[in-house]
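Subject: A structure for you to look at

Hello,

Here is the structure I promised to pass on. Please open it beside this email, and I will walk you through what turned up.

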Amino acid sequence: MLNLRFVRHPDPSPVLVFAVSLGAIAGSLLVTAVLFALHGVAPLAAYTTIIERTILDGRGFSEVVRKSIPLLLAGVGLVLAFRARFWNIGAEGQILAGAVAASGVALFVPVPAPLMVPAMFLAGFLAGAAWGFVPAILKVRLGVNEIITTLMLNYIALYVVRWLINGPWRGTSVTGFSYSDRFAEYAWLPTVGTTRLHWPTLLLGLGLALLLAFVLSRTRLGFEIRMMGESPEAARYAGVNFLWTTVALVCVSAGAAGLAGVGEVAGIHRRLIEPNSISLGYGYTAIIVALLARGNPLAVIATALFMGLVFAAGDIMKVSLRLPSQMPSVINGLVLLFLVCSEPLLRYRLARRTLKSSQSAEGGATG
Amino acid sequence: MEIELLTGTTARALAFSTPLIWAAMGEIYAERSGVVNLGVEGMMILGAVTGFIVAQSSGSPWLGLLAAATVGFSVGLFHAFAAVTLRANQYVSGLAITIFGLGLSGLLGRDWVGRPLSDSMEVLDVPLLSDIPLLGPALFSGQYLLAYLALLAAVVLWFVLHHTRQGLVLRTVGESPAAADTAGVSVTLTRYLAVGTGGLMAGIGGAYLSLAYRPSWGEGMTNGMGWIALALAIFALWDPLRAVGAGLLFGAFFTLSFRLQDRFPPELLTMLPYVFTIFALVLTALGRGRRAFGAPEALGHSYSRGER
Amino acid sequence: MRPPAPSNIPILSIRGIHKRFPGVVANDDVGFEVYPGEVHALLGENGAGKTTLISILYGLQQPDEGQILLEGRPVRLQNPRQAKAYGIGLVAQHFHLARRHTVAENIALGLPDTPFLRPTRKLEQRIHELGEHYGLDVDPTARVWQLSPGEQQRVEIMKALLQGARLLILDEPTSVLTPQEAQRLLKVLDQMTSEGKGVIFISHKLNEVIRAAKRITVLRKGRVVGRLDAAEATAAGLARLMVGDFEPPRSKKTPGGERSVARLEKVFSRNHRGLPALRGVSFDIRGGEILGVAGVAGNGQAELVEVVSGLRRPDRGHFTIMERDVTELGVRALLDRGVALIPEDRNHMGTVPAMSVAENLVLRQYRKPPYARAGLIDWRAVAGFAKQSIARYEIATPDQSTRARLLSGGNVQKLILARELAGEPKLVVAAHPTYGLDVGAAALTHDLLLSQRERGAAVLLVSEDLDELLALADRILVMSQGQVAGIVEAASADREQIGLLMAGTNEAAGAVA
């Protein structure tokens, strides 16, 4: 008879954490393989095609990186918020807020050409931060559930964008479609060669990840954020100013998502367009990116790349494999489900019972 | 004239808010047992899509409803498994269900988009009750059966929660699982059933959309209703009867806002329910005294014997 | 060992109980009997294995080895439901009551014959009757959060009795009671034993055990170290059995300085639920003095600690440190003015279990040089301080990067003491500093508090252990209903007097209401 029981794991090693995250990804890819087969596509061949056209192909890889840019920016922001136990589900809306602000500056504000791009990023950051400020202040002052408020603000942002592109900001030279005029050329972000890889945003994302890693590990503010996240009572005891710190870091978190929105409109579309085309659900996927990274801003670089790969693979699946366009969002959900179910592996481990104590049928996990 | 406006608005409000009421009641039932369910949106949309597919394939909306309820119940059980047995983070588990549900429903319903349901549910009047002046036209005539059932379910649920042994057990599990445990109640079983039943009701709410209110399937057709239902549960202070009131109020605001159609762009009108939701939560928070006694004390906490 | 009534079969008899947890033997060959009509005391320190034994008797945990016999028949208790079916009732130290439910609802939950519809109907009458019979009056329609801890305990006892308990286990029942309420509880127990019920009375308080019990079983480190009749027991003898060779705290010197370090004047404050908790508290602590704070749990001591350490702003009144008004200052500013706090909850407030020992050692000093400069943390300075503290306070840890979660309770407290006493504070606020500690760590804590006093610091020592207060404090402030019921000189104080003060305004307020 197998004589195993669950024992509390007080301190999971980084290797175990990494292995469990990897296992969750592997599990979801396995289920996806089944989905491929159900749609009449040989899973192995499908994965081969996807890898050949994304990782092994220069242009394909540039698409992977491009799609990971918004995930990186928003994901790094969310890591920060989640560490302080602020459940920001609103990155999607914050991305759109950033996109709107950047478009507004590009279309209507007379900024000297060389300063245009920085001005757009600044406006996008501030707009994203403002979109995060509302739920942050409601939470710390009134205790309003931030999950619902950030989510509602996603829908509000979506309809604001729709209203703008159908109404006040609707392009003068546009017929039939709903979008704004194209930005002037000096409001475009430069790209790498002929790809759509808008590298300034990528650098911003990488820089932000490094900066936040530094803040968390080396600064007083980082120490405070970690205390708040691990033990609010202890943080209170240590004299951390909750109100200020929470609001500030949520604003930074949301501002980062706003930057992602700037990158999408200034780097790719070069105009304000239908909200579902500005963000393909990046704000929601960023939640997964942040959770997979388990609180580590540098790990976001890897997890964002992985989820970027899923999005890029979505295009390949649609075009080359004729699979439904909903595939990436299903994979998104699967990764998250597997992540949830693998969580206990970090808290408990299986141990062999000692012989003497094995006569009782006690469930050790309750200890 | 004004009376007709009132009854007409109430009737339209009920039609609009029926899925909200179903989902909010499901959420209340689950949360009263101490489990937060952020997967309502996912459960609703999965209910909507399976309900539609089964109804369209079989020709019977009632079979569709049954399928939707079953799917909702099963997904609820999964959430209970994650939250209670695995003791995973309840927020993340619920979010996972919502994100997965939105994706999967899109995949499942891909071939069914834009094909109106051939045999949808029909509106009917409640015998006797529809003849009551004011109340009859407002609440008991010209609605789908599921709307009436929502009202009935709210009354039943309220009665069960406050006047039966089962309700006492459920509430105790949500308030103090340790007290329930020492009284010999199975916290695990109670929570599984509550979250499963909550999922079932969310599934019915979703089916109302695709089988009755808008008898068709559209990707993402729940459009955040599950999240609004979550807010309604808080606004209603976890009371089923108040949830009906809150749902009707919500529906009435929404219905009335359409009288502004000429002056406001449609996008901004569509946005209103989400704005209302935030306002409702702020209002609830401002009535802080009540709130302190609102949420079940063990809400969101997993329970294990011997850990406090 | 002769059983008191040889003709009787014991209600409960346990033999050779062993229970091990990783790294600890909680029960090692424990055995005793409870006869009908007997109060049997289990005496032992925190960590002696009492709690584990209760869990086993109530089916919450299963023993690794050993036998449980109920009325002579061997039984296996696999869950509380079975234990209850066998007539075992438990009044735990932390009550298992749903606070927002009524008394009747709480009781109805555990009864087998509760009807499906309107579960509490008929029950209210039974509660009244039983209450009169045993002297356990509680209002069945009251909500639990409205009740005092003493009343809540009565609800728990009532619950057990209505469930048909013939053997009642009371875990530290007097820790939430005034001495007078405790007296009343003993009367209830008398009534129960006169009807042939058995009671297991768990405590670490010596005199109380002698008064309450017929026979006493003493546990130390999981083993039975003594069985005796209460009539033959003395407090000193029991103490020796309970703790082994133990030096009582050394004798006190007269207070050093005379300067007022902290002063409260008519301070009012609310608790976290917004209800009045402090109602005009005034006192003065001098340097070189230990001021003890006594009181039944929940009479404002927790809020007092919070106000004095800056965690809670008073609604009204004045608070001064070294004659400077600090009423409006927060915890950080008070820390800078030399207020150290040894919090009650070591694992939620006192330390961050997921952070390292070194990080926890600067949990409150991280903002200032040498640990931080220009917003950046100097981890080398932190490591230096950690190394020094670990050596000086003999904190047992593999190294300073070990997470605090892995430390034992005594070592966590050493860590907190090392941190809080590092800056030579002017005022040391210690909330229940020895609760749950083993003898060694408790003695060290006492020594450190006394040496702070000798250094000239003022110490505010809040404790529910009257013996600890009488041994350490110079004066004892008694709190009741959020007010100072009295301040007595420890040298001339007696328990009776303090007990009356603890209850005093309690009863007066009850008469008015």
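Two residues are in contact here if their C-beta atoms, placed from the backbone, lie within 7 Å. A word on the source before we start: this is a predicted model, in which local features need pLDDT of at least 70 and side-chain atom pairs count only at pLDDT 80 or more, while totals for chains, interfaces and linings use all residues. Residues are numbered from 1 along each chain as its sequence is written, and chains are lettered from A and ligands numbered from 1 in the order in which they are written.

**Where the chains meet**

By that contact rule, 28 residues of chain C touch 22 residues of chain A. On the chain C side, β1 (12-21), α10 (331-336), α11 (346-350) and β18 (376-377) each supply at least two residues; helices (H or I, at least four residues) and strands (E, at least two) are DSSP runs, numbered from the N terminus. The most comes from α10(C), with 3 residues. By class, this side of chain C holds 15 nonpolar, 6 polar and 7 charged residues. For these classes, Ala, Val, Leu, Ile, Met, Phe, Trp, Tyr, Cys and Pro count as nonpolar, Asp, Glu, Lys and Arg as charged, and the others, Gly among them, as polar.

Chains B and A also meet, with 40 residues from chain B and 36 residues from chain A. In chain B, α4 (90-108), α10 (225-235) and α12 (266-286) each give at least two residues to the side that touches chain A. That side of chain B has 27 nonpolar, 9 polar and 4 charged residues.

**Sheets in chain C**

In chain C, 4 strands form an open antiparallel sheet in the order β12-β11-β14-β15; strands pair if DSSP finds at least two bridges between them. The edges are β12 (276-286) and β15 (324-325), each with a single partner strand, so one side of each has no neighbour in the sheet. Inside this sheet, β11 (residues 260-270) and β14 (residues 316-321) of chain C pair over 5 bridges, and E265(C) has H318(C) as its bridge partner in β14(C).

Strand β9(C) pairs in the parallel sense with β3 (residues 39-43) of chain C over 4 bridges, where H40(C) stands opposite R215(C). With β10 (residues 223-229) of chain C, β9(C) pairs in the antiparallel sense over 6 bridges. The hairpin of β9(C) and β10(C) has 2 residues between the strands, and K221(C) takes a positive phi near 45° there.

**Two buried places**

Which strand holds L291(C)? L291(C) sits in β13 (residues 290-294) of chain C, and this residue is buried, with 23 other C-beta atoms within 10 Å. From L291(C) to I487(C) is 9.3 Å, C-alpha to C-alpha, although they are 196 residues apart in sequence. Beyond four places in sequence, the contacts of L291(C) include I285(C), L460(C) and L461(C).

In chain A, 15 of the 18 residues of α4(A) are buried, so this helix is largely enclosed by the rest of the structure.

Enjoy exploring!

Conventions
A residue is buried if 20 or more other C-beta atoms lie within 10 Å of its own, exposed if 12 or fewer, and partly exposed in between; C-beta atoms are placed from the backbone.
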